[in-house]
Amino acid sequence: MPAAALSDSPECVHFVDDWDGILHETYGGDADRAVLDCARRLAADPAGEEAYAWTLGLVMMAAHIGRFSRKDVAAAALEALHATDRRLRDLPCAHRTHPYESDLDDRIDHFVDDLPLLTNGLAEDEDPDWEDDATKEQWLCPRDIAGYARVAVDIIAPGSVGGIPPRLPARDARRAEDLRSIVWDYPSAAVDPGQELSAYARNLVANPLGYHRAGLVVVLHAACWYAASGRIRDRRVLDTMVDALEAVLPGLGDASCAHGEGEHPEVGRDTAEQATVGIHLLSPGGRGVYRHWHREELETAPLEAWLCPAFLATIAREALDHLRTGRERLFGLRDTAHLDEVLVRPDGRLDVERLTHAVRFRCRDGQAAEDAGLWAARRFAAGPADPRERLVLLLVACWSVTSGEEPPPEAVHRDLRAILGGVRTAAAGAPAGETCPHGDAHPWDVLTELVDRRHFGFHEDPYGAHLNHLYAPGEYDTPERPFEPGAWGCPRHVGQRVRLALRVIEGGG
């Protein structure tokens with residue numbers, strides 16, 4: 001199949017830039033019109049002199065076609081590509097290899113530069129701009145063009161054609177990228193982690209014995225730590241993930257295998273890599289790509305080890321236990337009664353230092369800080385007689401909310417919202433008193449400014465030091481910049497703390 005020089009067809013050179021813009025989603029025109037024009041030109045002469053150009057153009061636009069084009073546009077492209085494949089795939093060829101057999105991702109960004117060079121009349125060694133390791137003759141070989149036609153078909157309609165190198169479907173490549181952003185805890189702007197994880201779980205519930213089982217179990221295991229971390233505020237997401245893993249375990253049964261110790265994949269350390277493998281297990285193309293990885297990187301586990309029922313049962317149970325525990329911690333009834341023995345002295349008074357220490361060092365144990373704040377709120381609601389203790393308990397409860405980077409989980413904020421909401425309601429219904437004499441010099445605001453101006457060591461706790469002294473001035477040293485009890489208990493000051501805590505609980509920051 002002789003090829004006409006692109007210089008004889010200047011419109012092709014123009015189209016290459018358009019196709020590259022569509023490939024990189026920077027094209028400002030009507031992409032479907034460009035696709036249809038290319039497809040119609042190829043369909044008009046599917047084995048002609050310029051078939052290589054229109055075929056490679058559709059390869060460049062294939063990801064867009066499969067994802068965004070109208071059905072009639074995609075159908076026209078597929079029809080033209082199939083026609084080219086039928087006409088060219090069995091023509092005689094003396095080449096041992098062709099460019100289409102290599103990794104498309106390594107080459108496609110160079111199409112915009114290489115395609116115009118294919119028929120410029122210069123041999124490879126005469127063309128200073130030609131850098132590809134294949135010859136131009138290999139690129140223009142009818143079987144190569146037919147191969148690229150099949151590659152484009154597979155991108156548009158994954159799994160519908162054979163005779164091509166294994167390739168992860170474009171939609172799965174996007175899924176892998178989105179899933180990595182979730183488990184890295186930096187979800188992409190367009191990604192809703194709850195919706196994404198729920199979709200994988202629902203697919204497993206719908207068909208717990210199907211082809212996708214292994215990939216979905218691996219994905220849910222990779223994501224279970226994120227899901228149970230508190231980042232997801234909707235219990236239904238964890239419920240669906242639990243349902244999915246409960247549904248898959250009976251089909252795995254008490255599976256045993258011939259794999260020895262250490263022959264199953266190592267999971268849990270690099271959850272992003274594990275999630276990527278899980279996505280590859282969802283399709284024949286992805287599994288083929290993984291087999292190639294394993295041949296190239298011997299330290300990776302073989303594909304069969306990822307598909308092993310005994311391995312899948314083990315990680316399914318591990319993920320299920322983690323999700324159930326996390327669900328109870330985040331959404332169940334949080335029991336704080338055990339803290340009575342820890343935070344109340346034998347004489348009935350608060351161990352205020354332990355209480356404030358738990359909130360201060362939430363970076364070490366977030367649940368302990370949540371429990372301490374909830375315990376303080378519940379004890380406040382129970383109505384201790386000592387007004388100083390009531391004040392400290394209320395301030396600690398508010399502090400436990402405002403000191404975190406995220407709102408507390410439902411298991412904590414259910415009671416906190418009710419208790420603090422009651423305080424806010426009571427304050428709103430109280431008769432107006434005298435003007436607050438403290439102006440902007442309320443204790444918490446002043447301490448916050450102090451902390452912003454000065455560096456405090458990790459073990460220093462200006463807030464805790466003040467609350468300890470407020471509760472028991474005879475037991476704790478007077479802290480820097482002391483305040484009178486009246487300033488701490490000022491209705492305006494307390495009201496500010498309560499309102500801020502409620503805003504955080506309600507997601508307003």
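The following questions and answers cover a predicted model.

Residues are numbered from 1 along each chain as its sequence is written, and side-chain values use heavy atoms, with hydrogens and water left out. Local features need pLDDT of at least 70 and side-chain atom pairs count only at pLDDT 80 or more, while totals for chains, interfaces and linings use all residues.

Student: What pLDDT does the protein chain average?
Tutor: The pLDDT is the predictor's confidence in each residue, from 0 to 100. Of the residues, 94% score at least 70, but over residues 1-10 the pLDDT is below 50. Where pLDDT is low, the predicted coordinates should not be read in detail. The protein chain average is 90.

Student: Is H9 roughly parallel or roughly antiparallel to H13?
Tutor: The axes (lines fitted to C-alpha atoms, for helices over the stretch in contact, with angles from 0 to 180 degrees between N-to-C directions) of H9 (residues 170-183) and H13 (residues 271-280) come within 9 Å and cross at roughly 155 degrees. Angles under 35 degrees count as roughly parallel and those over 145 as roughly antiparallel, with 65 to 115 roughly perpendicular and the rest oblique. H9 is therefore, relative to H13, roughly antiparallel.

Student: Is histidine 442 buried or exposed?
Tutor: Histidine 442 is found in the loop between helix H21 (410-429) and helix H22 (443-453). Buried means under 20% relative accessible area, exposed over 50%, and partly exposed in between, with a 1.4 Å probe and protein chains only. Because its relative accessibility is 0%, histidine 442 counts as buried.

Technical notes:
Helices (H or I, at least four residues) and strands (E, at least two) are DSSP runs, numbered from the N terminus. Contact means heavy atoms within 4.5 Å.
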